[in-house]
Amino acid sequence: MVQSVIPPITFISHKGLAGRIAVIGGSKEYTGAPNLAAISALKVGADLSHVFCTEGASTVIKSYSPELIVHPILESKFAVHETSEWLERMHAVVLGPGLGRDPVVCLDTAKNILEEVKKKNLPLVVDADGLFLVTEYPDLIKSYGKAILTPNIVEFGRLYEKMMGEKPKPEEPVLAVKVLSRALGNVTIVKKGPNDIISDGENGRLKVKSLCGGQKAIKKSYCNRKMTVKKV
């Protein structure tokens, strides 16, 4: 399955041709998650991984690997403009790992960056604190067909309750994912758990054994990688 989405290396290949990924996240408190998302994208075949984070997170994230390109700009008053310029070069975006819930960074800057992602019609994976943003402003993601949301059970419950006005029924987990996907305009949802449930509200479901801990970052990066190759 992985081989089917990775282009062959040829004599005319050059850096960036196999995918350029932007990870929007990383704060003083949370540096591991954006690193895992970005480095996992490289491990599954992307050429370049960029991390857009806060100043307090940048040095730590840089120390994890020399392969990552780190932009400590999320707290800048020009963050949206600067990030938008870089997005012109990207093939896919991950928004949320380690973002934190600072009102300015999460609910203002990240919100505006998400709008820029949509304007550029880029494939998008929303995870972690990006889902907190989407729960606050569901219309941000509604009907954006290139989005994949990856909530855990708690994040899913919050978003479901926000959209449907009630808690999801635990005895009907697959139906709950389909219902929420439809309410959000058929965006793809990957509900993580003992068995992951994947649905776009219409095209059936797929249940796979969940990965543990940081391995889930590999799954998110594979989703991004698959979308990236299609665009390239």
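Reader: Which helix does Gly157 lie in?
Author: Gly157 lies in helix α6. Helices here are DSSP runs of H or I with at least four residues, strands are runs of E with at least two, and both are numbered from the N terminus. This is a predicted model, where local features need pLDDT of at least 70, side-chain atom pairs count only at pLDDT 80 or more, and totals for chains, interfaces and linings use all residues. Residues are numbered from 1 along each chain as its sequence is written, and side-chain values use heavy atoms, with hydrogens and water left out.

Reader: Is Gly157 buried or exposed?
Author: Buried, with a relative accessible area of 14%. The cut-offs are under 20% for buried, over 50% for exposed and partly exposed in between, using a 1.4 Å probe and protein chains only.

Reader: What does UniProt put at Gly157?
Author: The unreviewed UniProt entry places a "binding site" feature there, and also at Gly98, Asn152, Ile153, Val154, Glu155, Phe156, Arg158 and Asp196. UniProt positions are given in the numbering used here, with feature names shortened, and annotations may be inferred rather than shown by experiment.

Reader: Where is Asp196, then?
Author: Asp196 is in strand β8, residues 195-199. Asp196 is buried, at 0% relative accessible area. A polar atom of the Asp196 side chain lies 2.9 Å from the backbone nitrogen of Gly193.

Reader: How many residues apart are Phe156 and Tyr160?
Author: Four, about one turn of the helix, and both lie in α6, residues 153-164. Phe156 is buried at 1% relative accessible area, and Tyr160 is buried too at 7%.

Reader: Which charges sit over rings?
Author: The charged end of Arg89 sits over the Trp86 ring, 4.2 Å from its centre. The charged end of Lys111 sits over the Tyr137 ring, at 5.2 Å from the centre. To count, NZ of Lys or CZ of Arg must be within 6 Å of the ring centre and within 35 degrees of the ring normal.

Reader: New topic: how many disulfides?
Author: Zero, with a disulfide being a pair of cysteine sulfur atoms within 2.5 Å. Cys53 is buried at 0% relative accessibility, and Cys106 is buried at 0% relative accessible area.

Reader: Ok, and Ile39, what is it in contact with?
Author: Leaving aside neighbours within four places in sequence, Ile39 is in contact with Ser65, Glu67 and Leu68. Contact means heavy atoms within 4.5 Å. Ile39 is found in helix α1, residues 32-43. Ile39 and Glu67 are 28 residues apart in sequence and 7.8 Å apart in space, C-alpha to C-alpha.

Reader: Last one: how many helices and strands does the protein chain have?
Author: Eight helices and nine strands. Of the 232 residues of the protein chain, 50% count as buried.

Methods. A polar contact is a pair of N or O atoms within 3.5 Å; within protein, one must be able to donate a hydrogen and the other to accept it, and residues adjacent in sequence count only if both atoms are side-chain atoms.
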